[in-house]
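Subject: Structure handover

Hello,

Here is the structure we discussed. Please load it first, then read the notes below.

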Amino acid sequence: MIAQNFEYVVPASLGEAVSLLEKHTERAKILAGGHSLIPMMKLRLATPEFLIDISRIPELSYIKEDGGTLRIGALTTHYTIETSDLIRRRLPALSDAAGLIGDVQVRNKGTIGGSIAHADPAADYPASILAADATIVALGPRGERQILASKFFLDMLTTALARNEIVREIQIPVKSGKSGSAYLKMAQKASGFAICGAAALIELDGSGALSKVAIGITGVGSHAFRAAKTEAELKGKKPSPEVLKKACEQASDGVTALDDIHASADYRLDMARVFARRALEAAIARTAS
Ligand SMILES: Cc1cc2nc3c(=O)[nH]c(=O)nc-3n(C[C@H](O)[C@H](O)[C@H](O)COP(=O)(O)OP(=O)(O)OC[C@H]3O[C@@H](n4cnc5c(N)ncnc54)[C@H](O)[C@@H]3O)c2cc1C
């Protein structure tokens, strides 16, 4: 199908983009990498009359660290994240996630801001973003707003972002001490989207016990979630295979799982338990490197 007619505008700055979005709020959409929005428009699931193309705004594409915080600009592509040495050192789970997204074309055009704003229930980043306790910085006509990742992903294709706000930056607190993180997924064969993806981020204390455990799971429910019971069960314990296996039995407790042609709800719930354990094992293994 062909998208409905639309007007195409290319703001030169973030400020201009915010003004345009405010002016046309109900009829406009932000265009970043276009790898979710354009397919939606071709299917007429999205019918914006104004496309505000922010992809050429240079101030939105960067990865840097300052004051104990990793800062990633919204327009940073999946490929740039996948290949960033800084991210590989600070949050390897996010490099893993970026490298597993779609194919090389998708990774070259798609952006982290576009992915989290779109909030596909099977997207890869949300698991790591949640596990890392990230903050999403949104810019609107009344200035900036910080949204905790735990309050950002609300439902399928639904976030806490207002219609007149643009994701400007993702902020991630940098871990100190003996920490490790990893993201693993079971991909749907045709699209590569997650049937189940799990990100684990851990810290070990001097005795080898888990002083911090965070697990984010995507692909299973209508939006990504934290495996809170498993995290609570593991905190303060030494992570033996038996301890991990038992704790991960609770990884999808209380979750209403998606049920579609790719996987049944029961299968997804089961894979959440399996991938939570595998991601934890991979994160723990990385503390040795
Ligand atoms: C063949 C294919 C395979 C894919 N496989 C995967 C996969 O395995 N895993 C995965 O996670 N994803 C996958 N994707 C999706 C891909 O990661 C997209 O790039 C991503 O979801 C959207 O990013 P984008 O920059 O392309 O955003 P766009 O398509 O430009 O925008 C998506 C939505 O976000 C809004 N938006 C964009 N940027 C901002 C911003 N800064 N602030 C506010 N709103 C904004 C837009 O208005 C739109 O509603 C796949 C896509 C394709 C086409």
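A salt bridge here means a side-chain nitrogen of Lys or Arg within 4 Å of a carboxyl oxygen of Asp or Glu. Arg 163 and Glu 26 form one, with their closest N and O atoms 3.5 Å apart.

Some ground rules. This is a predicted model: local features need pLDDT of at least 70, side-chain atom pairs count only at pLDDT 80 or more, and totals for chains, interfaces and linings use all residues. Residues are numbered from 1 along each chain as its sequence is written, and side-chain values use heavy atoms, with hydrogens and water left out.

**Domains**

The protein chain splits into domain 1 (7–53), domain 2 (58–173) and domain 3 (178–284). Those bounds come from an automatic or database domain assignment. The centres of domain 1 and domain 2, taken over C-alpha atoms, are 19 Å apart.

**Domain 1 against domain 2**

Contact means heavy atoms within 4.5 Å. By that rule, 15 residues of domain 1 touch 17 residues of domain 2. Buried area is the accessible area (1.4 Å probe) that two parts lose on being put together, summed over both. For domain 1 and domain 2 it is about 1400 Å², and carbon and sulfur atoms give 72% of it. Leu 14, Val 18 and His 35 supply 39% of the area that domain 1 buries against domain 2, more than any other three residues.

The count of salt bridges between domain 1 and domain 2 is one. There are also three residue pairs in polar contact between them (both at pLDDT 80 or more). A polar contact is a pair of N or O atoms within 3.5 Å; within protein, one must be able to donate a hydrogen and the other to accept it, and residues adjacent in sequence count only if both atoms are side-chain atoms.

**Ligand**

A polar side-chain atom of His 78 sits 3.0 Å from a ligand oxygen atom. For Lys 185, a polar side-chain atom is 3.2 Å from an oxygen atom of the ligand. Ser 191 places a polar backbone atom 3.5 Å from a ligand nitrogen atom.

**Lys 185 again**

The structure holds 21 salt bridges. One of them joins Lys 185 to Asp 124, with the closest N and O atoms 2.9 Å apart.

Best wishes
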